[in-house]
Amino acid sequence: MKNRYTTSIFQALVLTTSLQYAQSAVAAGFDENPAHLHGHAQLNLVIEHNQLEIQFNSPAVNLVGFEYQASTADEMARVEKLRQQLTNVSELYRFSGSECQLKTAKIDLNQILPEQPIRHTKPSDQDSQTEHHDHYHKDEAQAQHSEIKARYQFNCTEATKLTVIEVNFFNQFEHLNYIQALWITHQKQGLSELERGANYLKLDE
Ligand SMILES: [Zn+2]
């Protein structure tokens with residue numbers, strides 16, 4: 001399984017390093033976004049042989065403007081648009097030094113998707129509280145935070161020569177203004193901070 005494979009890569013690499021940030025990241029659950037700061041997102045990148053794996057986690061509000069379960073047609077349309085944006089990787093990443101072809105993309109929008117079909121009010125002998133009850137679920141969800149997760153696997157021609165990745169999420173998501181990137185390559189690992197206008201992840205520095 002892909003997940004197990006990735007986990008083993010993370011564990012193997014982290015066990016061989018004493019770098020504090022890597023240990024902290026794993027302790028915090030490497031693929032989570034522990035801070036959940038609106039406007040901020042997390043990107044984790046691992047290169048193993050010619051395989052490149054990228055995880056992108058972001059508060060939902062950065063990407064669709066809300067963090068509750070979509071219910072209206074407009075909200076569902078925004079979720080569907082997001083799915084397309086996160087799947088269209090050529091608009092999100094540009095690789096320099098090696099060509100990389102997308103192998104799999106797994107987009108997890110579960111936290112903003114309805115758990116079940118929207119209930120409709122049935123005519124009944126209940127009093128006016130019925131209507132309030134129908135909206136209860138959404139009101140309750142609005143108090144929560146939601147995360148969007150995307151995981152990508154690429155096959156690269158010469159992954160060791162992959163030097164720069166242009167990360168273009170800022171172009172598409174105006175409410176996203178900061179990405180913390182943790183990366184591990186064959187030679188190095190590092191933590192980079194990406195912002196609008198400073199969106200090049202440099203793996204050779
Ligand atoms: Zn939130």
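Is H49 buried or exposed?

**View 1. The loop residue H49.** H49 is exposed, with 11 other C-beta atoms within 10 Å, where exposed stands for 12 or fewer such atoms, buried for 20 or more and partly exposed for counts in between, with C-beta atoms placed from the backbone. H49 lies in the loop between strand 1 and strand 2 and, although it is not a glycine, has a positive phi of about 55°. Most residues other than glycine have a negative phi.

**View 2. The whole chain.** This is a predicted model, in which local features need pLDDT of at least 70 and side-chain atom pairs count only at pLDDT 80 or more, while totals for chains, interfaces and linings use all residues. Residues are numbered from 1 along each chain as its sequence is written. The protein chain has six helices and nine strands, taken as DSSP runs (H or I, at least four residues, for helices; E, at least two, for strands) numbered from the N terminus. Of its 205 residues, 26% count as buried.

**View 3. The largest nonpolar core.** Such a core is a set of buried Ala, Val, Leu, Ile, Met, Phe, Trp, Tyr and Cys residues joined through C-beta atoms within 7 Å. Among its 34 residues, L43, L52, V167, I179 and A181 touch the most other members. The elements giving two or more residues to this core include strand 1 (40-48), helix 4 (73-87) and strand 7 (178-184).

**View 4. The surroundings of V167.** Leaving aside residues up to four places away in sequence, V167 touches L43, Y93, I179, L194, N199 and L201, a contact being a pair of C-beta atoms, placed from the backbone, within 7 Å.

Conventions
Contact = placed C-beta atoms within 7 Å.
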